[in-house]
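Biologist: Before we look at details, could you take me through how to read the contacts in a model of this kind? I would like the general idea each time, followed by the case at hand.

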Amino acid sequence: MTSTVTPAAASASAGADAPRRRRPRGTWLLLLAPVLAFDAVLFLTPLGKLVAASTHGDAYQRVLKDPLVSRSLLNTFEISALSTLATVVLGYLLAVVIWRRGPLARVILFALVLLPFWTGVLVKNFAWAVLLQDNGLVNTALQGLGITDAPVALLHNRFAVVVGMVHYLLPYAVFPIFAALAAIDDRLELAARSLGAGEASIFRRIILPLTVPGVSAAGLLVFIISTGFFITPVVLGGPGDMMIANQIDFYARQLTDFAGASALALLLTVIVSVFVAIYQRILRAGGEYEAG
Amino acid sequence: MSRRSVLRAAGASALAAPLAGSLLTACSTKSTPSAKPNTTVTVTSYGGSYNDQLTKTLLKPFEKKSGVRPSLLANTSLAGLKAQVQSGDVQWDLVELTAPEYLQAVDEGLLEKLDYGVISDKGLPAYAKADYGIKYLSFLFVMAWDQKHIPDVQAPKNWEQFLDQGRYKGKRSVYSQLSDSSILEAARLAAGVPFDKIYPLDVDAALTYLAQHPGRDGLIYHTANQEPIQQLTSGEVALSTSFNNRISAARKDGARLNFTANNSVVAGDYFVVPKGARNKEAAFRLLDFMSNDAAAGADFIQTTNLTLANTPALAKLPSSVADSLPTSPKLAGSILVRDDAWWAKNLKATEQRFKLWQAGS
């Protein structure tokens with residue numbers, strides 16, 4: 001412990017004769033210690049137990065042979081892909097609108113994005129359930145306007161799940177895309193305009209390429225979050241929209257097959273980790289793009 | 001709405017229970033059981049109106065008489081019990097399980113053997129007494145409707161009518177899992193199979209019938225017992241399966257719901273003590289009180305319209321109440337008795353089959 005010094009003292013003593021960068025070795029480890037301890041207790045230990053539990057018997061074989069599992073894996077990818085697509089398209093439009101407005105309109109529009117962001121997912125889901133049910137507001141309005149004469153099936157299906165998920169995910173797409181837009185140098189647009197470019201070609205040749213890293217970051221982030229959805233398919237989906245988290249719940253609670261549930265949970269962890277790794281690479285590539 | 005969300009949240013937290021349980025044991029020194037004997041007993045049941053009734057009729061009088069303070073939770077599940085026993089951190093003392101779940105828990109060695117020295121079996125009917133639990137409760141699985149939408153004269157009298165899409169437009173709400181639901185038996189009864197030929201249950205035939213009447217799109221699934229009440233009163237569904245006590249409770253609260261006992265299925269729940277429970281003595285004393293105290297038992301039965309395994313209480317009832325109970329001989333011939341042994345053997349496979357069918361294959 002004698003060699004460790006507080007960061008403030010280190011920079012003060014080093015400041016006189018050496019460059020500020022030099023810090024005594026080991027300080028960073030000390031700073032990291034609380035996080036590592038936190039991680040070890042709350043994440044690594046349970047993860048270790050999960051791995052141990054999943055090796056019990058032939059859990060992996062049992063789980064991978066279960067037609068329900070392949071079904072919910074497929075559902076997870078389909079629903080996540082659909083939600084991601086819808087979220088990124090809507091998020092892009094919203095981000096462009098916010099970017100193009102003045103300061104006051106920006107604040108108001110951001111508030112509209114943030115307010116639902118701070119609302120609990122259950123509240124949002126039940127609100128959609130009330131709106132979309134057979135005798136809900138939407139169906140009553142459709143019939144009142146004479147557009148349909150019987151209730152349209154809007155709830156307990158994939159459509160409702162995607163609607164509920166997009167509502168939850170939108171802020172996660174808007175912020176990275178807005179950040180990419182805000183980083184664009186105004187002079188590029190002025191230069192393009194002075195060379196005779198129209199709105200369409202400015203968008204296509206300057207704005208769109210420069211926001212590609214932001215869009216792909218947003219898309220992956222949204223996709224990663226999507227794969228873990230649990231409550232939304234329960235509240236808004238039908239039995240055919242079971243996602244992998246619901247499958248884990250089914251194994252744990254209804255089949256009381258904890259080994260199977262652990263195996264599935266690890267499977268989900270591995271899949272999501274792969275996407276997280278890709279996400280990190282895209283962020284790095286985005287950084288290089290901007291630097292170049 | 002709020003009750004639904006609370007139950008859902010409870011369900012979600014049950015998933016985290018194994019992890020939380022193991023963490024607790026890792027972090028804290030294990031407390032020795034019965035350090036302060038017989039002061040509290042933690043009971044878990046199904047929540048909603050049923051928990052209110054349990055508290056009012058059995059738990060409060062027990063507290064007054066014994067000085068033991070019961071605390072009642074709403075998130076009972078075999079999974080929760082198993083997670084607690086396996087992690088060695090048992091929070092529950094008395095747990096309600098469906099009959100097939102009870103038999104599974106016995107099989108897996110998760111339960112404490114009951115001490116019939118503390119629990120007097122004088123008041124216990126023979127069917128209710130078992131080594132690891134008491135089948136303390138019998139209820140009816142019934143078809144229910146809202147009188148605002150379906151007047152009683154037009155209400156379904158059997159499962160064939162209940163499932164007939166031509167007779168009642170709209171959706172039917174059905175419990176999403178089978179350990180507490182007799183929808184497959186109902187489908188067989190609807191197809192005209194006589195009571196004594198229902199078991200062994202032909203699962204495929206039942207599912208084929210449901211696929212035609214009312215069809216997959218005609219069914220929606222509830223995951224909490226209080227949901228059908230709200231779905232029926234809001235008109236979201238035309239008909240629902242439920243339990244006789246839930247509908248009676250909703251009627252007392254002013255809902256215009258009704259049900260028929262005809263063609264219903266009588267089933268039962270067990271109270272069990274998890275292996276390693278901290279206050280098992282107190283739990284045994286509560287079981288003793290429930291099975292032998294005539295006044296509290298009769299109050300429970302009259303409040304819930306359920307049969308309590310408590311012979312002195314049953315003897316005290318006026319015949320008008322006794323005749324309407326799930327175990328009344330008057331109902332014999334018009335109701336089906338659920339075969340717990342068949343379900344214990346086939347529950348998991350059938351749950352998986354049912355889930356797959358729900359998902360469309």
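Modeller: Let us begin with the word contact, which here means heavy atoms within 4.5 Å. Please keep in mind throughout that this is a predicted model. By that criterion, the contact takes 34 residues from chain B and 32 residues from chain A.

Biologist: How much area do chain B and chain A bury between them?

Modeller: The size of an interface is often given as the accessible area lost when the parts come together. Here chain B and chain A bury about 2900 Å² between them, with 69% of it on carbon and sulfur atoms.

Biologist: How many salt bridges are there between chain B and chain A, and which residue forms a salt bridge with A:D134?

Modeller: The count between the two chains is one salt bridge. In it A:D134 is joined to B:K171, and the closest N and O atoms are 3.4 Å apart. A charge may also sit over a ring, as with B:K82, which lies over the face of A:F258 at 5.3 Å from the ring centre.

Biologist: How many salt bridges does the structure hold over all chains, and where do A:R193 and A:E189 lie?

Modeller: Over all chains the structure holds 22 salt bridges. One of them joins A:R193 to A:E189, the closest N and O atoms being 2.7 Å apart. Because these residues are four apart in helix α9 (residues 186-194) of chain A, about one helical turn separates A:R193 from A:E189. With a relative accessible area of 38%, A:R193 is partly exposed, whereas A:E189, at 16%, is buried. Both belong to a network of salt bridges that links A:R100, A:E189, A:R193 and A:E199.

Biologist: Are B:F62 and B:F289 buried or exposed?

Modeller: B:F62 is buried, with a relative accessible area of 2%, and B:F289 is buried as well, with 7%.

Terms used:
Residues numbered from 1 in each chain as written. Chains lettered and ligands numbered in written order. Predicted model: local features only at pLDDT ≥ 70, side-chain atom pairs only at ≥ 80, totals over all residues. Heavy atoms only, no water. Buried < 20%, exposed > 50% of the residue type's maximum accessible area, 1.4 Å probe, protein only. Lys NZ or Arg CZ within 6 Å of the ring centre and 35° of its normal. Buried area = accessible area lost by both parts, 1.4 Å probe. Salt bridge = Lys/Arg side-chain N within 4 Å of Asp/Glu carboxyl O. Helix = DSSP H or I, 4+ residues; strand = E, 2+ residues; numbered from the N terminus.
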